[in-house]
Amino acid sequence: MKAAIVSAAGELPVYGDFPEPQADESHVVVTVTAAAVSQLAKARAAGTHYSAAAHYPFITGIDGTGTLSNGDPVYFLAFDAQWGSMAERTLVPADSIVSLPATLDPVLAAALANPGMSSWAALTRRAQLRAGETVLINGATGTSGGLAVRIAQHLGAGKIIATGRNRAALDQLRAQGADLTFTLDELPGALPALMKEGIDVVLDYLWGQSALDIMQAAVAGGEKTVRFVQIGSLSGQEITLHSKLLRSSGLTLMGSGLGSVSDKALIACIGEMLTAAAESDFSIAFQMRPLSDVALAWQEDDSRCRTVFTL
């Protein structure tokens, strides 16, 4: 069968032939419909992510949509070291599959799953958002952050605050559910008043200085607990975090990513999010490319338009 194959660490995927998968007692074969490029998929293919496989060659891709042998449409998570999602067929643990709603486009579902899961898991499992609470999304102008605005609204947030660098993108988020928007330059001046009014949950896609500004403002704002969930690090991997920020306040700092919730909970999150996507407008920008174009299209993905390979 045809697949996107990584032969060594640091090499780009190449479209080529790979042995057919064989089902066993705990794994099923999925005929793949669509699989999206993500930063996680790229990092695993490059061998730089903490969850990357150690053995080569392997099929790249971490998730996708497809059909079972009986024709049922499914979403699947493919973390097996050898069998990634970007192939005509792949081998998936039976407990890493969720049914797709009949009304949800499987190509859109493949595009949505990874960015949607990041905020769904952060809000429902890590922060345990309660209806009516205020959510600040730091770095909301990319695909994941923008989708987080609509997911927070769907989950019942009372007020949604969005930050980012792009003013035009922030203005668009006002139409999608954000109540207040601030550029990263405007944010430091706005934070004291925001904290006084009350912020319950922060979803942070940036890290860096803006994350530190938010945490410092949370501490200065009084005794109210702020649940700060770290998801991405587009503004840098490290900050200087003084110990008093955690000792002298109600600030609760946690992460959301692979390993922060169980695989079972992660699959459940994605299933819940895709069910919600069939009811609410979670659409995002994406471009479809045939898997045979993988060598050319692998690097084209950006934060505002996902690349989805179709088979």
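The model is predicted, so to speak with care: local features need pLDDT of at least 70, side-chain atom pairs count only at pLDDT 80 or more, and totals for chains, interfaces and linings use all residues. Residues are numbered from 1 along each chain as its sequence is written, and side-chain values use heavy atoms, with hydrogens and water left out.

**The whole chain**

There are nine helices and 16 strands; these are DSSP runs numbered from the N terminus, with helices being H or I of at least four residues and strands E of at least two. The radius of gyration is 20 Å, close to the 19 Å that the globule rule gives for 311 residues, so the chain is as compact as a globular protein of that length. (That radius is taken over C-alpha atoms, and the rule is 2.2 Å times the number of residues to the power 0.38.) Buried residues account for 53% of the 311, where buried means under 20% relative accessible area, exposed over 50% and partly exposed in between, using a 1.4 Å probe and protein chains only.

**Helix 4**

Ala 169, Leu 170 and Leu 173 are the buried residues in helix 4, residues 167-175. Down the helix axis they fall within an arc of 100°, so they line one face; the arc is that of the directions from the axis to the C-beta atoms. They pack against helix 3 (143-154), strand 10 (159-164) and strand 11 (180-183), with contact meaning heavy atoms within 4.5 Å. On the face turned away sit the exposed Gln 172 and Ala 175. After the helix comes Gly 177, with a positive phi near 130°.

**Asn 114**

Helix 2 (residues 106-126) holds Asn 114, which counts as buried at 17% relative accessibility. Leaving aside residues up to four places away in sequence, Asn 114 touches Ser 38, Leu 40, Ile 62, Asp 63 and Arg 306.

| Pair | Bridges | Direction |
|---|---|---|
| strand 12 (residues 201-204) and strand 13 | four bridges | parallel |
| strand 13 and strand 14 (residues 252-255) | four bridges | parallel |

Leu 203 stands opposite Val 229, while Arg 227 has Thr 252 as its bridge partner in strand 14.

Conventions. Two strands pair if DSSP finds at least two bridges between them.
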